[in-house]
Amino acid sequence: MIVVLTLIWGSSFIMLKRVLEVFSPPQVFSGRMMTAAIVLLPFALREFRRIPAEKWPVLVMFSFLANLLTTLLYATAQTKIDSALNGMINTLTPLMTLVAGVVFYRQSVRMFQVLGLLLGVSGAVLLIIQASEGQINGINTFALIAVAATICNGFTVNIVKYNLAGLSVIQLSSLSFLIIFPIAFGYALYSGFFPRAFGSKEAWVATGFLLVLGAMANALGLILLSRLIQISTPVFATLTTYLIPIVALYWGYQDGEIITWKEIAAMGLILLSVYIVDRWGEEKESGE
């Protein structure tokens with residue numbers, strides 16, 4: 001599951017780059033959500049009545065965070081930063097997962113995990129400075145938007161583990177997209193999404209990538225991630241972060257994006273921090 005997620009999500013940043021050549025970030029959200037909802041609609045209709053009433057408010061909150069806000073943030077960020085950099089910033093997700101767990105779910109944390117978090121923050125600051133072309137006074141706000149997306153990811157991972165643990169993977173995935181579908185479809189009609197999607201040869205290509213993103217990165221990706229979270233720990237479930245940037249960097253390099261050694265060093269610092277956080281987290285759970 002980790003290998004499949006890595007290939008899907010690592011390639012999603014370069015596909016998003018192609019999609020944004022035709023569609024605006026809100027239209028990207030609309031297209032991805034509609035595709036994912038349609039793909040999983042048979043499951044959603046079957047599972048709709050099986051959800052306990054007390055789970056619906058949390059499921060709605062999860063849907064808005066995981067599907068609406070995160071998708072919009074990543075797409076908006078990549079209008080002004082490279083796909084490879086977007087993939088590198090995504091390495092913050094496990095750290096944001098730990099922070100959300102400590103702050104909102106009262107998870108205990110060890111001193112070495114705090115050290116890991118500080119290293120991760122340092123790496124993130126370096127990436128943001130690089131995105132700002134070294135100008136500390138002119139911070140690239142779009143890099144910060146990508147960081148905000150990882151914060152949303154951290155929250156959603158914990159919500160799945162602690163608030164929606166009683167739901168099956170299919171229930172969680174299919175119904176979360178069904179909840180968002182009316183918003184996505186309404187905006188698609190309002191924004192002229194459908195005429196644009198088939199208006200030119202370039203639009204056909206972008207629409208094809210958009211359909212792949214919705215079906216694979218959103219629908220299948222959420223199913224696999226949800227299953228990983230259920231059978232492991234929240235931090236372990238985000239360890240695809242180690243491999244996703246490698247795939248994203250490869251596609252960015254192939255597309256002619258300039259990748260500096262400073263960016264790679266900053267990403268390496270974040271990945272080191274993730275290793276430290278996960279290593280001591282495993283020791284804590286095993287009682288060592």
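Visitor: Hi! Which residues are linked in a network of salt bridges here?

Guide: Hello! This is a predicted model, and in it Lys17, Arg18, Glu21, Asp255 and Glu257 are linked in such a network.

Visitor: How many salt bridges does a search of the whole structure find?

Guide: The search finds six.

Visitor: What lets side chains pair up like that?

Guide: Side chains of opposite charge can pair when their charged atoms come close.

Visitor: OK, which residue does Lys17 meet in a salt bridge?

Guide: Lys17 meets Glu257, with 2.9 Å from N to O. The two sit in distant parts of the chain, 240 residues apart. Lys17 belongs to helix α1, which covers residues 2-19, while Glu257 lies in the loop between α13 (244-254) and α14 (261-286).

Visitor: Is Glu257 buried or exposed?

Guide: Glu257 counts as buried, because its relative accessibility is 6%, and buried means under 20%.

Visitor: What else does the side chain of Glu257 make a polar contact with?

Guide: There is a polar contact of 2.7 Å with the side chain of Ser83. If you set aside neighbours within four places in sequence, Glu257 is in contact with Lys17, Asp82, Ser83, Ala84 and Gly252.

Visitor: Now a new pair: which residue forms a salt bridge with Glu47?

Guide: Arg50 does, and the closest N and O atoms are 3.4 Å apart. Glu47 is buried, with 5% relative accessibility, whereas Arg50 is exposed, with a relative accessible area of 51%.

Visitor: Changing topic! How many residues are in the largest nonpolar core?

Guide: The largest nonpolar core has 59 residues. Phe23, Val28, Leu59, Phe62 and Leu164 have the most contacts inside it. Several helices each supply at least two residues, including α1, α2 (25-39), α4 (56-77) and α8 (141-162).

Visitor: Which helix gives the most to this core?

Guide: Helix α11 does, with twelve residues.

Visitor: Why would nonpolar side chains be together in the first place?

Guide: In soluble globular proteins, nonpolar side chains tend to be buried together.

Visitor: You mentioned Phe23. What is Phe23 in contact with?

Guide: Apart from neighbours within four places in sequence, Phe23 is in contact with Val28, Phe193, Arg196, Ala197, Ala206, Thr207 and Leu210.

Visitor: What does the second, separate core include?

Guide: That core has 25 residues, among them Leu92, Ala266, Met267 and Val274.

Visitor: Last one: what is phi of Arg106 near?

Guide: Phi of Arg106 is near 55 degrees, which is a positive value in a residue other than glycine.

Visitor: Where is Arg106, and is it buried or exposed?

Guide: You can find Arg106 in the loop between α6 (93-105) and α7 (111-131). Arg106 counts as exposed because its relative accessible area is 81%, and exposed means over 50%.

Terms used
Residues numbered from 1 in each chain as written. Predicted model: local features only at pLDDT ≥ 70, side-chain atom pairs only at ≥ 80, totals over all residues. Heavy atoms only, no water. Salt bridge = Lys/Arg side-chain N within 4 Å of Asp/Glu carboxyl O. Helix = DSSP H or I, 4+ residues; strand = E, 2+ residues; numbered from the N terminus. Buried < 20%, exposed > 50% of the residue type's maximum accessible area, 1.4 Å probe, protein only. Polar contact = N/O pair within 3.5 Å; in protein donor to acceptor, adjacent residues only side chain to side chain. Contact = heavy atoms within 4.5 Å. Core = buried A, V, L, I, M, F, W, Y, C linked by side-chain atoms within 4.5 Å.
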